[in-house]
Amino acid sequence: MSYYAGRQNFTPAAADSAMHINVAAAGGRARLCEFLISSDAAPVEQTGEYQVQRTTAVGTTPAGNSTVVKVDPFSPVALCTFSGGGYTTEPAAGDILMDVSVHQKATFRWVAYPGRELVSLTTANNGISLTVIGQSAAFSINTSCMWLE
């Protein structure tokens, strides 16, 4: 298996996909094995609710960085694409795999036990997203993730 990473830094609105791993071709499969949510905004008493969701359609015109980083430099080119940071049209949400609320002053890191990764469907243009459900007030978030293919 090959190991990849991506990150996004932006100020989201409700229902924005902070990060989206998209299966670019049928037969590919993303296995989300780690993600992190934090904030570099001036610390105040604010919270955000986030969901990890399977997606059933890719969004259009993501605003954020779409660089896929190979964690192992000998990995082949990724079969999945990575984007986020706000879309013109959001990826279509499917199954909700996880729901987490995080205080702005906290850092939240989730790491899958080996073999227990969150898995996308194998159909092209399906994937996994970290979606901002809402924030008590708008504040900047920093997100990163790692996945296996």
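Predicted model: local features only at pLDDT ≥ 70, side-chain atom pairs only at ≥ 80, totals over all residues.

Visitor: Which aromatic partner does Phe-35 have, and what is the geometry of the pair?

Guide: The partner is Trp-110, and the pair is tilted, with 5.7 Å from centre to centre and 35° between the planes. Phe-35 belongs to strand 3 and Trp-110 to strand 8 (residues 108-111), so that the pair links distant parts of the chain, 75 residues apart.

Visitor: Why does Trp-110 count as buried?

Guide: Because its relative accessibility is 17%, and the cut-off for buried is under 20%.

Visitor: How many aromatic pairs does the structure hold?

Guide: There are 4 aromatic pairs. One of them joins Phe-35 and Trp-110. Another joins Phe-82 and Trp-147, which are stacked at 5.7 Å centre to centre with 15° between the planes. That pair also links distant parts of the chain, since Phe-82 lies in strand 6 and Trp-147 in strand 11, 65 residues apart.

Visitor: Why is one pair called stacked and the other tilted?

Guide: Planes under 30 degrees apart count as stacked, over 60 as edge-to-face and the rest as tilted. The angle is 15° for Phe-82 and Trp-147, whereas it is 35° for Phe-35 and Trp-110.

Visitor: And are Phe-82 and Trp-147 buried or exposed?

Guide: Phe-82 is buried, with a relative accessible area of 2%. Trp-147 has a relative accessibility of 0% and therefore counts as buried.

Visitor: Which residues form an aromatic cluster with Trp-147?

Guide: Tyr-4 and Phe-82 form one aromatic cluster with Trp-147.

Visitor: Let us turn to the core. How many residues are in the largest nonpolar core, and which have the most contacts inside it?

Guide: The largest nonpolar core has 27 residues, and those with the most contacts inside it are Leu-32, Phe-35 and Tyr-50. The elements that give two or more residues to this core include strand 1 (3-10), strand 3 (31-38), strand 4 (47-57) and strand 7 (92-103). Strand 2 gives the most to this core, with 4 residues.

Visitor: What does Tyr-50 touch?

Guide: Setting aside neighbours within four places in sequence, the contacts of Tyr-50 include Ile-37, Met-98, Val-100, Val-102, Leu-130, Val-132, Ile-133, Phe-139 and Ile-141. Asp-99, Thr-131 and Gln-135 are also among them.

Visitor: Which residues line the largest cavity?

Guide: The lining consists of Met-19, Ile-21, Leu-32, Val-52, Ile-128, Ser-129, Leu-130 and Cys-145. Strand 2 and strand 10 are the elements that give two or more residues to this lining, and strand 10 gives the most, with 3 residues.

Visitor: What about Ser-17: buried or exposed?

Guide: Ser-17 lies in strand 2. Its relative accessibility is 2%, so Ser-17 counts as buried.

Guide: Thr-61 is in the loop between strand 4 and strand 5 (69-70). Its phi is near 50°, a positive value in a residue other than glycine. Thr-61 counts as exposed because its relative accessibility is 55%.

Visitor: And what is phi at Asn-125?

Guide: Phi of Asn-125 is near 70°, again a positive value in a residue other than glycine. Asn-125 sits in the loop between strand 9 (118-119) and strand 10, and it is partly exposed, with a relative accessible area of 34%.

Visitor: Finally, where is Ala-78, and what does it touch?

Guide: Ala-78 lies in the loop between strand 5 and strand 6. Not counting residues up to four places away in sequence, Ala-78 touches Tyr-4, Val-68 and Glu-149. The C-alpha atoms of Ala-78 and Tyr-3 are separated by 8.7 Å, and these residues are 75 apart along the chain.

Note on methods:
Residues numbered from 1 in each chain as written. Heavy atoms only, no water. Core = buried A, V, L, I, M, F, W, Y, C linked by side-chain atoms within 4.5 Å. Buried < 20%, exposed > 50% of the residue type's maximum accessible area, 1.4 Å probe, protein only. Contact = heavy atoms within 4.5 Å. Phe/Tyr/Trp six-rings, centres within 6.5 Å; stacked < 30°, edge-to-face > 60°. 1 Å grid on protein atoms, 1.4 Å probe; cavity = no way out; pocket = protein on both sides within 12 Å on 5 of 7 lines; lining within 4 Å.
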